[in-house]
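Open the model in a viewer and keep the sequence panel beside it. The stops below run from the whole chain to single residues.

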Amino acid sequence: MDIKKRLLLGGAILVISLGIVFFWFKSKLDAIEKDTDNSIALSQHIKSVFKSGFPDYEYEPNIIEWENNFLVLELAANANFDVKYRTKVNELLGVDKNYPGNTIDKLIVLVNASIVKGVYEDTTVEAEQKIYELNYIDLKLKQIVRIDTVYGPLPKEYIKENDRRGYVRHPNDEEIVEKIRTK
């Protein structure tokens with residue numbers, strides 16, 4: 001293959017690769033925008049529960065027979081929201097029909113956190129595993145009736161000298177849905 005054909009092939013591969021990256025990036029931005037829009041329109045009934053942060057409800061374990069009468073939210077680490085609607089998770093669970101939540105009194109609230117698994121050798125960098133704590137809240141009873149955890153991947157085994165963090169990612173939407181379905 002001559003140089004001209006190689007350059008054309010290389011250019012075509014680059015254009016296709018950039019298109020794939022653009023499509024992936026755009027889908028991520030679209031998902032964030034949809035979550036934002038849905039969080040803004042979430043019912044005042046639900047928003048009022050989180051005005052002062054996570055509700056100070058007692059943990060009283062109970063049997064969960066909620067069928068599909070709940071919504072999944074995330075405690076927001078965002079100045080614009082106290083709680084964020086998780087569009088894709090609700091869609092995957094088939095509970096998006098309950099949105100915006102005017103009559104819903106059962107919520108699963110994700111709280112993101114991490115578990116320190118150790119410290120990387122010759123550094124002060126902690127190896128962290130990202131998690132979501134799932135809090136099953138019954139608003140009528142004003143109780144947390146179940147607490148569960150979804151674990152992200154284990155932290156990297158090694159980090160480069162200039163890395164400041166040793167964790168990977170939070171659990172993805174599918175992992176969250178699987179955990180909720182197996183309650």
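Start with the whole chain of this predicted model and display its contacts. Of those with a separation of 6 or more, 64% join residues 24 or more positions apart.

Next, colour by secondary structure. There are 4 helices and 6 strands, and along the sequence they run α-α-β-β-β-α-β-β-β-α.

Switch to a surface view. The protein exposes about 12000 Å², with carbon and sulfur atoms supplying 53% of that area. Of the 183 residues, 34% are buried.

Now go to single residues, with backbone geometry in mind. Most residues other than glycine have a negative phi, and most peptide bonds are trans.

Glu-67 sits in the loop between strand 1 (58-59) and strand 2 (71-78). Is Glu-67 buried or exposed? Its relative accessibility is 62%, over the 50% cut-off, so Glu-67 counts as exposed.

Move on to the loop between helix 3 (87-93) and strand 4 (106-119), where Pro-100 is found.

Finish at Asp-122, in the loop between strand 4 and strand 5 (126-138).

Definitions and conventions
Residues numbered from 1 in each chain as written. Predicted model: local features only at pLDDT ≥ 70, side-chain atom pairs only at ≥ 80, totals over all residues. Heavy atoms only, no water. Helix = DSSP H or I, 4+ residues; strand = E, 2+ residues; numbered from the N terminus. Buried < 20%, exposed > 50% of the residue type's maximum accessible area, 1.4 Å probe, protein only. Contact = heavy atoms within 4.5 Å. Areas by Shrake-Rupley, 256 points an atom, 1.4 Å probe, with all protein chains shown as cover.
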